[in-house]
Amino acid sequence: MNSEKQLIIHDIREKIYWAIRMRYVIVVLGLILLPFAFFSNVQLGPLPYLLGFVLAYNLAAHLICLTKRRFEWVWQTLFLQSLFLIFDILTVTFFIYISGGLESPYWFFYLVLIIISGFGVYSYTSFSVFLIAVFSAAFYLGLLVLTYYGIIPTYGPTFSLSPQELLRSIINKAVFTTISFFLFAATIYYFSKLIVQHRYELAKKNQELLGTLEELKEIDRLKDDFVTTASHELRTPLSVVRENVSLIEDGVIGQTSDKQKELLKVSRLNIDRLAGILDSLLDISKIESRSLELKREKVNFSLLAARAVEILSSRAAEKKIVLKLDVPDRLETLADPDQILRVFINLIDNAIKYTPEGGRVEIGLFSEGSRIKGCVTDNGLGIVQADLKKIFERFVRLESEQTALIKGTGLGLSICLGILEMHGGSIWAESKGAGQGSTFIFTVPKVEA
Amino acid sequence: MSEHQERILLIEDEKAMSDAVKLRLEANGFSVLTAYDGQTGLATARKERPDLIILDVMLPKLDGFMVCRMLKFDEKYRNIPVLLLTARTQQTDVQQGEEMGADAYMTKPFKSEELLARIRALLSGENKKAEA
């Protein structure tokens, strides 16, 4: 038996149980209201028998459900459901009979049954509302006919109407109730169909989204794999070449002439350059695909700035550039120390690169309200207004006579931007124009541990 | 100060890399043993008890992390310093290296001066421990 059928059967069983519970409640209510029924037009006599009848078939339904644990087909369950449904209609009809028959105001109980079935308590398809409408109309009409022909004794008030008037009254009532049953059934049917449709579409959409989620997770995993593999695949041959070149250059393989050493040294430095570019590329790809994992530690920004200055001090010395550090003793927040160090190194290195000999680079840090602000200022080549935003784009390098000789990949600033954004901060550049130096400013929100 | 030549076990599956590093180490007075996969590496380490192990992470048969872990979690071999030498630079790899008990983590390509410096540092640290 396929699982969809299982679900349907399970569904109907649930509804049968629900109906069983409802009937117990009605029986109990009926018993409680028994004394009050005296004050409405309900004949007290048969009422207990009616309640007994309901209890009887409800217990039967309950018993069947308990003992027959596995229903074989959908139709078996539907049959059972319909059977008890008809008993319910019978119950309502009888109640109407003992509460005045033709004059009874309780014929709207049929409508209640129609509503409940429309919203699925009784049925699996909402088309069964019409089934209930038919049976209700049939039983009610049957009641009217039997009363008219005197086949069953009337319990209600006797009519002072003539037979023709009585007949007309009966026909009116019959037509009226039958039409209203069907109209009602049709309305409920329409609405329940809408709801079912809506639920179905929702479930389908859910499925689709789950599927998409799985796909995206897979792509993410593949991306991560790619970065790891690419990293390994590119670095391995690079390191082999570097080592071999270095071995020959150092004379380990045999004597090397000075000229040979010279060429090998250049080769080695270029391999280092390649490795650096590789690192930048992999970083930018990680940042953009959001697979860069950030550490969260208490970080002293002043310490990192000092470290960056230390690392770049020899490069600055080569160009006779002064590095001035103006930072407080401690400026801490939660951040990734390696990445923030990267930012400092990139900015200071850029400043050194784009400042001619004898220039000056100043690094400052302040606490500004709820954020930390850092700035790197140089008195170098400066940046024109139009380029201030562009330089943060990938692979963008400023082209001019002076910058033509400066080496770089154009990735440094976009990596900084990526890192700062991941920390919830920002970075921008300010400059008065060409030849007027530039200042790079970044902010990081202060986060408590 | 012992005159015995210090023995380094190099576990690296990329033969060109292994040859290059071996040359460099021998030129600097070390004696080098090689293995090209994790299983052989582990067995050699246990049999030969080298003074230091240089371990690549991506290895066939048994990856570097496992080899490191198995040596470090074993009392008999815990004292042998392990240097992970790898092209894998992800943060998670470094963390895993630390968790597995590696004494040092170096990424490729590396500067040979740095590698030698690290090796010497690890070995002298070891000697100090042994003498203490």
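Helices (H or I, at least four residues) and strands (E, at least two) are DSSP runs, numbered from the N terminus. The structure is a predicted model, in which local features need pLDDT of at least 70 and side-chain atom pairs count only at pLDDT 80 or more, while totals for chains, interfaces and linings use all residues. Residues are numbered from 1 along each chain as its sequence is written, and chains are lettered from A and ligands numbered from 1 in the order in which they are written.

**Exercise 1.** Determine the secondary structure pattern of chain B along the sequence.

*Solution.* Begin with the inventory: chain B holds five helices and five strands. Next, read along the sequence; the pattern is β-α-β-α-β-α-β-α-β-α.

**Exercise 2.** Give the strand order of the open sheet in chain A and identify the strands at its edges.

*Solution.* Strands pair if DSSP finds at least two bridges between them. The five strands run in the order β2-β4-β5-β7-β6, with mixed pairing. β2 and β6 (426-431) of chain A each have a single partner strand, so one side of each lacks a neighbour in the sheet and both stand at the edges. Within the sheet, β5 (residues 371-378) and β7 (residues 438-445) of chain A are antiparallel over eight bridges; A:Asp378 has A:Ser438 in β7(A) as its bridge partner.

**Exercise 3.** Describe how helix α7 (residues 258-288) of chain A meets α10(A).

*Solution.* Axes are lines fitted to C-alpha atoms, for helices over the stretch in contact, and angles run from 0 to 180 degrees between N-to-C directions. The two axes come within 10 Å and cross at roughly 35°. On the α7(A) side the contact involves A:Ser280, A:Asp283, A:Ile284, A:Ile287 and A:Glu288, and on the α10(A) side A:Ser414, A:Ile415 and A:Gly418. Helix α10 (residues 412-422) of chain A also lies across β6 and β7 of chain A, at about 135° to β6(A).

Technical notes: Two residues are in contact if their C-beta atoms, placed from the backbone, lie within 7 Å.
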